[in-house]
Amino acid sequence: MRNYSLPIVLGAMLFGVLLGSSLLSWTEDDLYSELDRIGDERLDLYASTIDASLRRFDYLPFIIAGDAQVRQLLQTGDVGSQEVVNRTLEKWQRESGAAYLYLMNLQGQAVAASNWQSPTSFIGNNYSFRPYFQDAIAGKAGRFFAVGVTTGLPGFFLARPVRFGDQILGVAVVKVDMAQLETDWSAGGENVWVSDADGVIFLASNPDWKYRSVSPLAPAIHERLRDERKYHGKQIEALALQSQQQSPGGNRVIRLLDDAGGSALEPGPQPYLLHQRQLASLNWTLYYLSDLTGLAEHKQQAVLLASLLSALLAVVGLFLSSRWRHQQLLEQRVASRTAALNQSNAQLKREIQERLNAEEELRQTHEGLIQAEKLAALGQLSAGLVHEISQPISAIRTFLASTRLLVERDQTQPALENINDIDSLIGRVTGIVSHLKTFASKSRGTTSPVELGQLVDNALMILGPQLSKQQVELDWQRPNEPLKVQADEIKLEQILVNLIRNGLDAIQACPQRDGWLQIRLEQQPDAERSQIVISDNGCGIDPDDLPKVFDPFFTTKEPGEGLGLGLSVSYGIAREFGGDLHAEARPEGGTRFTLSLSRRGQPTVEPNPTGDP
């Protein structure tokens with residue numbers, strides 16, 4: 001069998017070389033394009049920032065030049081006017097945030113200043129050598145950046161002539177501190193500088209670049225700068241800037257070197273992509289430097305990617321070349337694994353179905369337990385209910401016999417009255433039987449808004465015979481405003497029947513007391529839940545037994561009088577539709593049961609067939 005491993009490896013290596021070359025070229029072009037785009041955005045931002053920081057003070061020279069006291073001072077030289085102007089300039093400087101405001105006469109001497117009280121006050125100094133004064137005295141707006149000869153602090157000077165008619169009286173000057181721009185650039189980690197028309201850098205994020213020139217200056221420029229005292233006390237030297245290739249966007253790639261050949265910032269030459277833009281209105285040039293140290297890393301990543309891809313190609317090729325020899329074995333393994341998975345899947349389906357069946361049986365058992373407890377309650381109440389129904393039936397028979405005699409005697413009116421009474425008794429029996437059928441029926445398993453007052457009345461209808469027999473005083477008043485909760489009506493009625501029967505049984509166990517049963521409907525302060533509170537003055541529950549009253553088959557009754565499922569089933573039903581059932585001993589004697597229910601409905605919880613709280 002022929003071995004294709006060597007051709008595959010050689011082909012992968014050739015592919016890697018071609019891919020690496022392409023990736024290197026694409027990576028470099030893409031990085032330069034992205035840096036060009038970012039550089040243009042940064043230049044737009046910094047240009048607008050510089051413009052905005054200067055424009056906010058453009059109005060001040062006009063304000064100073066238009067002030068009547070300023071004109072009076074320049075015309076008369078009055079000492080009183082000088083003090084007024086000094087204080088006015090000081091106030092305007094403080095309110096505007098400018099560095100200094102001052103006023104010069106026609107000879108260039110400062111006659112008033114905002115720093116008039118400072119030891120370095122401008123008053124008395126002559127600044128006629130400054131270009132901004134020469135422009136303003138000629139009737140033009142003066143704009144000039146320089147280092148102050150008095151304070152030694154750099155700033156941007158805005159000057160305007162002070163006029164009286166067509167006559168120029170002097171010059172109003174505002175000095176703006178631009179150091180905050182440098183602080184912001186440095187804090188942002190940006191590499192920015194601004195140079196004047198001579199190429200001298202006067203604003204920079206890095207102090208090492210400040211008062212350096214972009215290229216060597218001619219002797220004549222050095223002499224003019226000395227005459228203007230523009231950078232007073234600063235020795236202007238050129239940056240050791242080494243130009244290399246250009247980016248696709250036409251920007252230069254440079255390295256910044258010190259005189260010894262090292263970088264001004266790093267141990268080795270630092271590469272930058274130099275972006276620049278003319279600020280025509282100021283005759284300045286704005287520069288932004290994009291760090292290119294990441295370019296080498298990107299290239300390394302491109303070479304690594306090409307190597308990995310070529311290696312991957314070689315591995316894939318070697319894998320494919322040997323795959324056909326293992327195909328049949330792989331198919332056998334797949335078939336075996338598929339059969340095992342199918343068997344596991346079938347077993348899992350059986351287990352799931354068995355669990356579903358067990359859950360359904362559990363639910364049906366729970367529902368059967370609820371229904372059995374309900375029918376058991378009806379069985380215990382049957383004697384009273386039979387008496388409750390037999391009385392109206394006996395009365396109906398009596399009325400029928402009387403009616404027959406009245407009809408035979410043609411006494412129509414009394415006969416009709418008897419018929420009305422018979423109809424009322426039949427309605428009473430029908431209501432009792434109809435409600436018993438509803439109570440005995442199975443729940444539909446759904447919740448709906450239920451009016452609690454009506455539900456209490458229904459439960460009392462079923463338990464009416466037992467209440468009458470025991471002669472229990474019932475304290476129940478249906479509230480004027482209906483209270484509704486979200487619940488299963490049939491199951492909730494069963495809870496009420498169980499709780500009221502429990503109270504009647506407790507009263508019956510203490511025959512020495514006059515039986516008393518109270519039912520109250522309450523709304524909790526949050527208006528989200530309502531409560532049914534059922535209290536009795538029976539024998540109560542022993543404190544040791546109180547935590548166990550909701551346990552299945554727990555009962556304090558005599559054998560044969562109950563299975564102990566009533567309260568357990570009631571607790572399970574209450575929890576089923578988001579409610580809660582609580583029992584407590586009354587200090588006066590007896591027991592209080594509180595059934596709390598949601599007015600808006602709660603997510604249905606799984607039924608608790610054991611009744612375990």
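Where is Asp-410 found? I began my notebook with this one, and Asp-410 turned up in the loop between helix H8 (293-408) and helix H9 (412-440). I kept in mind that this is a predicted model.

**Entry: two backbone angles**

I looked up phi for Asp-410 and found a positive value of about 60 degrees, although the residue is not a glycine. Is Asp-410 buried or exposed? Its relative accessibility is 67%, so Asp-410 counts as exposed.

I then turned to Tyr-211, which sits in the loop between strand S7 (201-204) and strand S8 (212-213). Tyr-211 also has a positive phi, near 60 degrees, and is a residue other than glycine. Here the relative accessible area is 10%, so I noted Tyr-211 as buried.

**Entry: the sheet**

Next I traced an open sheet of five strands, and wrote down the order S2-S1-S5-S4-S3 with antiparallel pairing. At the edges I found strand S2 (110-113) and strand S3 (142-147), each pairing on one side only. On average, neighbouring strands of this sheet are turned by 25 degrees against each other, direction ignored.

Across from Leu-103 I found Ala-112 in S2.

**Entry: helices across the sheet**

Which strands does helix H3 (residues 68-76) lie across? I listed S1, S2, strand S4 (154-164) and strand S5 (167-176), with H3 running at about 80 degrees to S4. Helix H4 (residues 79-96) lies across S1 and S2, and I noted its angle to S1 as about 145 degrees.

Terms used
Residues numbered from 1 in each chain as written. Predicted model: local features only at pLDDT ≥ 70, side-chain atom pairs only at ≥ 80, totals over all residues. Heavy atoms only, no water. Pairing = 2+ DSSP bridges. Helix = DSSP H or I, 4+ residues; strand = E, 2+ residues; numbered from the N terminus. Axes fitted to C-alpha atoms, helices over the stretch in contact; angles between N-to-C directions. Contact = heavy atoms within 4.5 Å. Buried < 20%, exposed > 50% of the residue type's maximum accessible area, 1.4 Å probe, protein only.
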